[in-house]
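Subject: Structure for you to look over

Dear colleague,

I am handing over the structure below, and after it you will find my notes on what was found. Please read them with the structure open beside you.

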Amino acid sequence: MLLVARRRDRLEELKEQLVSAYPALIIEIAERDLSDLSQTNELAQSFAAKRIDFLINNAGLGDIGSFATAEPERILTQVQVNVLALTALTRSVLPAMLTQRRGAILNVSSSAGFMPMAGFAVYAATKAYVTSFSEAIRAETRGCGISVTTLCPGPVHTEFTNVADREGKMQRLGSEIFHVPVERVARAALRAVERDRPLIIPGITMKVGMGISRLFPLALLRAAARVGATSLKSS
């Protein structure tokens, strides 16, 4: 198992936990910042030289607030991590998977990608890309022994909101009834990969809510986005 993240102390901590639970597990760690294009390219090249059977693209970040007031660097960082890094790493492992006719890719998207979201514009758009990209790659590789699954969770209690909330005004992203424990999300994602499912939305409430929202006409989604924009301005 190869663990990749930008904080070595967290990687070492996770490695220790995993080895403690599974002593036979061999784990490598790679300290890389996927917001850095050169580091992403270096990692992609190393992946291409390995035989990767299962890739999980989990890295991602957001930015809560109006697009006009967002820091330009923050905008580009979201696109780099959420879109460019995910695309590059997927490309790096796919040729070998096709050759050996075996492999799985789990791309972590978001339910936010199903609709435009005022105050979350760039993040939602990048996740729409992830979902669309994953579905296309899945179609291209059908019959080749490769499974491509898209994970689209709703709100989850992680560090995500604390990092994304630039003004410190949002304690939680969405109602508590929509939140799903992180362990449950992870289990649902891995089960979906095992069953070769194209897309998974963990949690009954989110699954029903997103199912209904996807039936809404575009005009209604635009109206909802305007309401969200108005709420953002008044906050």
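The buried residues of helix H4 pack against helix H3, strand E4 (103-108), strand E5 (146-151), helix H5 (160-164) and strand E6 (199-200). Please bear in mind throughout that this is a predicted model. The residues of H4 that are buried are Val122, Tyr123, Ala124, Thr126, Lys127, Val130, Thr131, Phe133, Ser134, Ile137 and Arg138. As for the length of H4, its 20 residues should span 28 Å at 1.5 Å a residue, and the C-alpha atoms at its ends are 29 Å apart, which agrees.

Thr90 has a relative accessibility of 1%, and because buried means under 20%, Thr90 counts as buried. Setting aside the neighbours within four places in sequence, Thr90 is in contact with Leu55, Asn57, Ile105, Asn107 and Phe133.

The structure holds one cavity of 30 Å³ or more, and about 60 Å³ of space lies in the largest cavity. Its lining is made up of Asp63, Gly65, Ser66, Phe67, Ala70, Ile75, Gln78, Phe120, Ala121, Val122 and Arg166, which divide into six nonpolar, three polar and two charged residues.

Among these lining residues is Phe67, which lies in the loop between E3 and H3. Not counting residues up to four places away in sequence, Phe67 touches Ile75 and Val122, and both of these residues also line the largest cavity. The C-alpha atom of Phe67 is separated by 8.4 Å from that of Ala118, although the two residues are 51 residues apart along the chain.

Helix H6 deserves a separate paragraph. This helix, residues 182-194, has 13 residues and reaches 19 Å from its first C-alpha to its last, which is close to the 18 Å expected at 1.5 Å a residue. Its buried residues are Val185, Ala188, Ala189, Ala192 and Val193. Seen down the axis of H6, these buried residues fall within an arc of 135°, so they line one face of the helix. The face turned away from that buried side carries the exposed residues Arg187 and Glu194. What covers the buried residues of H6 includes strand E3 (54-57) together with E4, E5 and E6, and three of those strands, E4, E5 and E6, are also among the elements that the buried residues of H4 pack against. Just after H6, Asp196 takes a positive phi of about 55°.

To place these details in the whole chain, the secondary structure comes to eight helices and six strands, which follow the pattern β-α-β-α-β-α-β-α-β-α-α-β-α-α when read along the sequence. Of the 235 residues in the protein chain, buried residues make up 39%. Among the contacts in the chain with a separation of 6 or more, 69% are accounted for by residues 24 or more positions apart.

With best wishes

Methods. Residues numbered from 1 in each chain as written. Predicted model: local features only at pLDDT ≥ 70, side-chain atom pairs only at ≥ 80, totals over all residues. Heavy atoms only, no water. 1 Å grid on protein atoms, 1.4 Å probe; cavity = no way out; pocket = protein on both sides within 12 Å on 5 of 7 lines; lining within 4 Å. Points joined across faces, edges and corners; volume = space filled by probe spheres on them. Nonpolar A, V, L, I, M, F, W, Y, C, P; charged D, E, K, R; others polar. Helix = DSSP H or I, 4+ residues; strand = E, 2+ residues; numbered from the N terminus. Expected span 1.5 Å × (residues − 1). Buried < 20%, exposed > 50% of the residue type's maximum accessible area, 1.4 Å probe, protein only. Contact = heavy atoms within 4.5 Å. Arc of directions from axis to C-beta.
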